[in-house]
Structure formats: structure tokens, C-alpha cells
Amino acid sequence: MKKTILSLLAFSFISCVLFSACSPSSKNTAQKNEQSAISIDKEAFDQLVASGIEASAEEIAASEWASKVKAAGVLKVGGVRTSFLFSQLDETDNKTRGFDAGLFQLLARYILGDSSKYEITQVDSSTREAVLQSGQVDAVFATYSITDARKKLISFAGPYYTSRQAILIKAGNKNITGLESLENKIVATQSGSTGPSVLAEYAPKANVQEFKNDIEARTAVQQGRADAYVTDYTLILNAIVKNPGAFEIAGIPFGTKDNYGIGLPLDSDGVAFVNNFLKKIEANGTWEKLWLISLGNRTGIKEAPEAPLIVD
């Protein structure tokens with residue numbers, strides 16, 4: 001029986017180290033570590049997204065959201081280009097690859113018949129709802145946790161992936177071994193993410209310090225301005241693969257399952273359309289192949305997890 005990514009990875013990476021210095025003064029070290037990271041199989045990724053399924057004309061016509069994308073001739077995506085496992089820009093060929101990137105490229109092919117017909121607007125945890133509400137993008141693919149608060153502002157398709165929370169510390173830090181040792185410690189997290197509420201529940205006596213994004217939070221730990229960083233486990237795995245050498249994971253992943261969804265405009269009929277797309281690529285094995293290319297083959301995991309149940 002397939003296990004979730006968390007059960008497979010929790011112990012495999014418990015003593016792994018991650019992320020070299022990201023300050024300007026340590027740029028050369030970061031670049032050196034990045035070169036040693038396990039890169040995605042570009043050929044396999046490109047072949048997979050280029051051979052994705054296509055929606056019928058009737059399916060597109062039945063969805064106002066999909067019809068708008070089809071008429072525009074491009075899928076406008078809110079996303080990132082710096083998430084090594086999920087959505088990383090390769091400057092050598094100007095292509096973005098990873099698990100999230102593969103999904104939105106497959107969706108572009110599903111609607112437009114061409115996986116390259118997408119445009120990315122850079123987002124972070126504080127701007128994802130805004131770009132959907134303003135109509136700047138059609139959808140957001142950005143390891144986007146589904147929460148009740150967010151569902152008041154936008155709608156979600158999916159979930160398409162599940163994660164939890166973990167604790168990042170500087171390598172060699174013996175003072176923090178897990179949740180119980182965060183009391184009275186300075187703990188970094190991202191503003192606008194689920195981190196603050198998770199810490200309020202699981203480490204209420206921690207001294208929480210919010211940062212704008214993942215890089216700033218990790219830098220604070222690297223520079224000793226924060227004792228630990230609590231964030232989504234997949235972000236930590238992302239940094240492990242990208243830059244081994246300077247940080248460790250304290251304890252094991254914790255908290256409730258964190259379901260990632262695809263952000264769509266509030267009450268959009270795109271939810272049903274995208275959910276149908278997700279069900280199709282799960283059923284035909286494309287989701288599993290994408291997971292293995294983007295995550296499994298790069299983290300030593302040979303078996304893909306079961307995809308989460310899609311909520312219509």
C-alpha cells in the first residue's frame with residue numbers, strides 16, 4: 001500500500017542538512033552547493049508535459065473560466081520561479097520545471113493544446129489572493145494551503161498534494177530537538193502563511209517572529225537572528241535538495257495534514273473544470289510520473305504517494 005510522502009520522507013531526511021548561506025556575502029558558497037544538488041530530469045519532464053491530455057471543445061465551452069483562458073490564448077498563472085522541487089526557473093533554457101510547474105503546464109496543454117502557453121506572475125504568501133481577486137491571473141499554483149479563511153476570498157481546486165509542518169534549525173544546534181524545545185525561543189515563520197496559527201497551537205510559548213518570505217526566514221536562522229524556522233515540510237525538503245550543508249531538521253513533521261490546492265477566482269466554475277483535469281491525470285498515471293520526476297527521483301523515494309482525495 002502506498003504511503004504518503006510525509007511518512008516516506010520524515011525519517012529519510014531527519015538528519016539531513018540544508019541550505020547554505022543566502023546573504024550576498026555568501027553567494028559563491030550558495031552557488032557551489034546548488035551545483036551539487038540533484039537536478040530534475042529535463043528531458044523526461046519536458047516530454048511528459050508536452051504529451052499531456054487535451055480537453056474536448058465541449059468541455060471547454062461548458063466552462064466560463066476555461067473559455068476565457070482559451071480565448072486569451074494563454075494561461076495566466078500566479079506562481080514562483082525559485083522553488084527547487086516545485087517551480088524552478090532554469091536560466092539556461094528559460095523554462096520552469098517542478099511539480100507545480102508541471103501541473104500548470106499540463107493544464108495549459110489541456111486547455112490550449114500547448115504546454116508552453118502560460119505566463120507566470122510572481123507571487124508570495126501575502127499576494128496570492130490579491131492577484132486572483134484583481135483578475136491579474138487565472139489560477140495560482142504555489143504550494144497553496146487550503147484554509148477556511150482563504151476560501152472566503154478565493155476558491156480552490158484540488159487538493160492535489162498533502163504536506164505537514166517541520167522545524168528548521170542551524171546545523172549543530174543541540175538546543176532544539178523538536179516542538180517541546182521551542183519554548184521561549186525565537187521562531188521564524190512566514191507572514192500570510194499557516195505558520196503563525198500552527199505555532200499558536202503547537203508551540204504557544206515560542207517567541208514568534210514573522211518574515212515576508214521563505215528566504216528571509218531561513219536567512220534569519222542562518223545568521224542566528226532566529227533559533228528555528230517552522231514552515232511547510234515541502235519547503236524544507238526543497239532546500240535540502242537544493243543546498244545541503246548548513247541546516248538540519250529538528251524532530252519529525254507534525255500537525256494536521258496540509259492540503260495544497262489550485263487557487264481560482266471566488267465561486268469560479270473553473271473549480272469543477274480543474275478538478276476534472278486533476279482526476280484525469282491521476283487516473284492515467286501522469287500525476288504519479290510527474291511526482292517521481294519532480295520529487296521522488298531527486299529525494300531517493302522510489303514510490304509515489306497516493307494522490308489526495310479531490311473535493312468537488
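**Why the labels fit**

Guide: Just after helix 5, Gly 73 takes a positive phi of about 80°. Like everything we shall discuss here, that value comes from a predicted model.

Visitor: Which residues of helix 5 are buried, and what puts them on the same side of the helix?

Guide: In helix 5, which spans residues 64–72, the buried residues are Trp 65, Ala 66 and Val 69. Around the axis they cover an arc of only 95°, and this is what puts them on the same side of helix 5. An α-helix has 3.6 residues a turn, so residues three or four places apart point the same way. On the other side of helix 5 there are exposed residues, namely Glu 64, Lys 68 and Ala 71.

Visitor: What covers the buried residues of helix 5?

Guide: The cover includes strand 2, strand 7 and strand 12 (247–264), together with helix 4 (57–61), helix 6 (99–112) and helix 12 (270–283).

Visitor: Why is strand 2 called largely enclosed by the rest of the structure?

Guide: Strand 2 comprises residues 75–79, and four of these five residues are buried, which is why the strand is described as largely enclosed.

Visitor: How do you know that strand 2 pairs with strand 6 and with strand 7?

Guide: Two strands count as paired when at least two bridges are found between them. Strand 2 and strand 6 (residues 118–122) have five bridges, in the parallel sense, while strand 2 and strand 7 (residues 139–145) have two bridges, likewise in the parallel sense. Val 77 takes part in both pairings, standing opposite Ile 120 in strand 6 and having Ala 139 as its bridge partner in strand 7.

Visitor: What makes strand 3 and strand 5 edge strands?

Guide: The open sheet in question has three strands in the order 3-4-5, with antiparallel pairing, and strand 3 and strand 5 (95–97) each pair on one side only. Between strand 3 and strand 4 there are two antiparallel bridges, and Thr 82 has Gln 88 in strand 4 as its bridge partner. Helix 3 packs on this sheet, where it touches strand 4 and strand 5, and its direction makes about 90° with that of strand 5.

Visitor: How are helix 3 and helix 6 packed, and which residues meet there?

Guide: The axes of helix 3 (residues 42–50) and helix 6 lie 8 Å apart, at an angle of about 30°. From helix 3 come Phe 45, Leu 48, Val 49 and Ala 50, which meet Ala 101, Gly 102, Gln 105, Leu 106 and Arg 109 of helix 6. By class, this contact has six nonpolar residues, two polar ones and one charged one.

Visitor: How many aromatic pairs are found in the whole structure, and why is the pair of Phe 86 and Tyr 161 called edge-to-face?

Guide: The search finds 15 aromatic pairs. For Phe 86 and Tyr 161, the ring centres are 5.4 Å apart and the planes stand at 85°; centres within 6.5 Å make a pair and planes over 60 degrees apart count as edge-to-face, so the label follows. Phe 86 lies in the loop between strand 3 (82–83) and strand 4 (87–90) and Tyr 161 in strand 8 (residues 155–170), so the pair ties together parts 75 residues apart in sequence. Both belong to one aromatic cluster, along with Phe 99, Tyr 160, Tyr 260 and Trp 287.

Visitor: Are Phe 86 and Tyr 161 buried or exposed, and how do you know?

Guide: Buried means under 20% relative accessible area. Phe 86, at 1% relative accessibility, therefore counts as buried, and Tyr 161, at 1%, counts as buried too.

How values were computed
Residues are numbered from 1 along each chain as its sequence is written. This is a predicted model: local features need pLDDT of at least 70, side-chain atom pairs count only at pLDDT 80 or more; totals for chains, interfaces and linings use all residues. Side-chain values use heavy atoms; hydrogens and water are left out. Buried means under 20% relative accessible area, exposed over 50%, partly exposed in between (1.4 Å probe, protein chains only). Helices (H or I, at least four residues) and strands (E, at least two) are DSSP runs, numbered from the N terminus. The arc is that of the directions from the helix axis to the C-beta atoms. Contact means heavy atoms within 4.5 Å. Axes are lines fitted to C-alpha atoms, for helices over the stretch in contact, and angles run from 0 to 180 degrees between N-to-C directions. Ala, Val, Leu, Ile, Met, Phe, Trp, Tyr, Cys and Pro count as nonpolar, Asp, Glu, Lys and Arg as charged, and the others, Gly among them, as polar. Rings of Phe, Tyr and Trp (its six-membered ring) pair if their centres lie within 6.5 Å; planes under 30 degrees apart count as stacked, over 60 as edge-to-face and the rest as tilted.
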